[in-house]
Amino acid sequence: METISLLHNRRILLGVTGGIAVYKVCTLASRLTQAGGVVDVVMTEAATRFVTPLTFEALTGRPAYTDMWRTSDGSDTAALPTHIAHIGLAHAADLLVVAPATANTMAKLAAGIADNLLTTLALATSCPILLVPTMDAGMWSHPATQANAVTLRERGVHIAGPAQGRMASGLEGEGRMVEPDDILGHVRLVLGREGPLARRRIVVTAGPTREFIDPVRFLGNPSSGRQGFALAQAALDLGASVTLITGPTPLPTPIGATRVEITTAQEMHNAVLLAIEKADVLLMAAAVADYRPETIAPSKIKKGDKGLIPRLVRTPDILSAVAIRWAESGFPRVVVGFAAESEDVVENARTKLTTKNLDLIVANDITAQDAGFAVETNRVTLIGRNGQAEELPLTSKTGVAEAVLKRVVELLAQRHPGGTSE
Ligand code: CTP
């Protein structure tokens, strides 16, 4: 798994309470650690009935703490009670995640009860808290639990889930734990929310468009949407509020982004013009079709003996439409385009930068095996308004996204320090 810049060396206290979903929290502990986080696990006594501390120690490479009076290796700490020794943990933490969070632990946290190491740390810490409720058989919908959730939210505690689905008892309902990858997304959202793009609104486009010839055939392209989705995640990591307008792709929505699904270039055009009304930045990574069939046959085209030449007409150029709209508003914003080129990459990209009135263009050589469409990596050159080209080494699409967002932060700071959404 790739490291996540936002999580690098961040101290995460992972509070584990007693529920069958503990087995999935092992995956979460592993993901957080692999992402670069420093993960300290604190288990309640009930949690240790499901998984031993040793499991978490192996996954995080750090001691797992169980009760207030004993360390995980079983040695008595009478000389210095661990609830005092571990107050250091509470103070060092950047985030406390409680997963799974049982109804019982939520009730204690709402009431301010500190009767075990985890609840003591929760009271002692001033870092943000993310709860991942998990409970069976209607316990979540019980008025007592609901009231506790309201109290905790009012106090600024973040709550992820629970999700709807099958629970350990076999019952269907609301109470399943959010999946580890989604918990990771919530962790990023909480850690990033005061980042350099806080209160900025960013519209990202991603993926291909499809231009239908008849009800079952279309002109498309092999864009996977990965680069656009990576941009959306990188913007969220910096605290932005993100609208992700995407063509068809199975990629999961980064947690916190608002996803708008479109199919054709015209639909993307309409969705973008609507979304940018209140936005500070547009990152146009979608592979938009330049042509569409003039007409769409109402029923499936039957094959004949001769060839078939569908007549194509132009689709709207979205970036050009945005440039006109934003020029009319008179408000300086940041527009980033992508240039998919197969020859004279930098020269062609410079021309697009000027004609489409962009602040930055990300030039992409789509003939390279390891870059461009439908691969994990990308090899790009960033070109700003002054024409200067910055060639990035071969990197992941996340790496490209982070480099682009770094430039966006700089451009916004030069333009208007306040943000439109304030
Ligand atoms: N783009 C757009 N609207 C279109 C086509 C492209 O806004 N109808 C955007 C893309 O999302 C990208 C940039 O324009 O950010 C450049 O796209 P690209 O396909 O490289 O260039 P085109 O303008 O389509 O020019 P050409 O295909 O001739 O290279």
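How are H1 and H8 oriented to each other, roughly parallel or oblique? They are oblique, on a scale where angles under 35 degrees count as roughly parallel, over 145 as roughly antiparallel, 65 to 115 as roughly perpendicular and the rest as oblique. This is a predicted model, in which local features need pLDDT of at least 70 and side-chain atom pairs count only at pLDDT 80 or more, while totals for chains, interfaces and linings use all residues. Residues are numbered from 1 along each chain as its sequence is written, and side-chain values use heavy atoms, with hydrogens and water left out.

**Ligand shell**

- The ligand is surrounded by 16 residues, of which Met284, Ala286, Phe338, Lys352 and Lys356 are the closest (a residue is near a molecule if one of its heavy atoms lies within 4 Å of it).
- The shell around the ligand comprises 10 nonpolar, 2 polar and 4 charged residues (Ala, Val, Leu, Ile, Met, Phe, Trp, Tyr, Cys and Pro count as nonpolar, Asp, Glu, Lys and Arg as charged, and the others, Gly among them, as polar).
- Helix H11 (318–329) and strand E17 (334–341) each supply at least two residues of this shell, and E17 gives the most, with 4 residues. Helices (H or I, at least four residues) and strands (E, at least two) are DSSP runs, numbered from the N terminus.

**Ligand polar contacts and burial**

- An oxygen atom of the ligand lies 2.7 Å from an N or O atom in the side chain of lysine 352 (a polar contact with the ligand is a pair of N or O atoms within 3.5 Å).
- Polar backbone atoms also take part: one of proline 316 is 3.0 Å from a ligand nitrogen atom, and one of leucine 319 is 2.9 Å from a ligand oxygen atom.
- The ligand taken alone exposes 570 Å², and the protein buries 78% of that (Shrake-Rupley method, 1.4 Å probe).

**Helix pairs**

- The axes of H1 (residues 22–34) and H8 (residues 180–192) come within 9 Å and cross at roughly 50 degrees (axes are lines fitted to C-alpha atoms over the stretch in contact, and angles run from 0 to 180 degrees between N-to-C directions).
- For H10 (residues 265–275) and H11, the axes come within 10 Å and cross at roughly 25 degrees; these helices are therefore roughly parallel to each other.

**Backbone features**

- Alanine 99 and proline 100 are joined by a cis peptide bond with omega about -10 degrees; proline 100 is in strand E4 (residues 95–101).
- Aspartate 344, although not a glycine, has a positive phi of about 40 degrees, and lies in the loop between E17 and helix H12 (345–355).

Conventions:
Polar contact = N/O pair within 3.5 Å; in protein donor to acceptor, adjacent residues only side chain to side chain.
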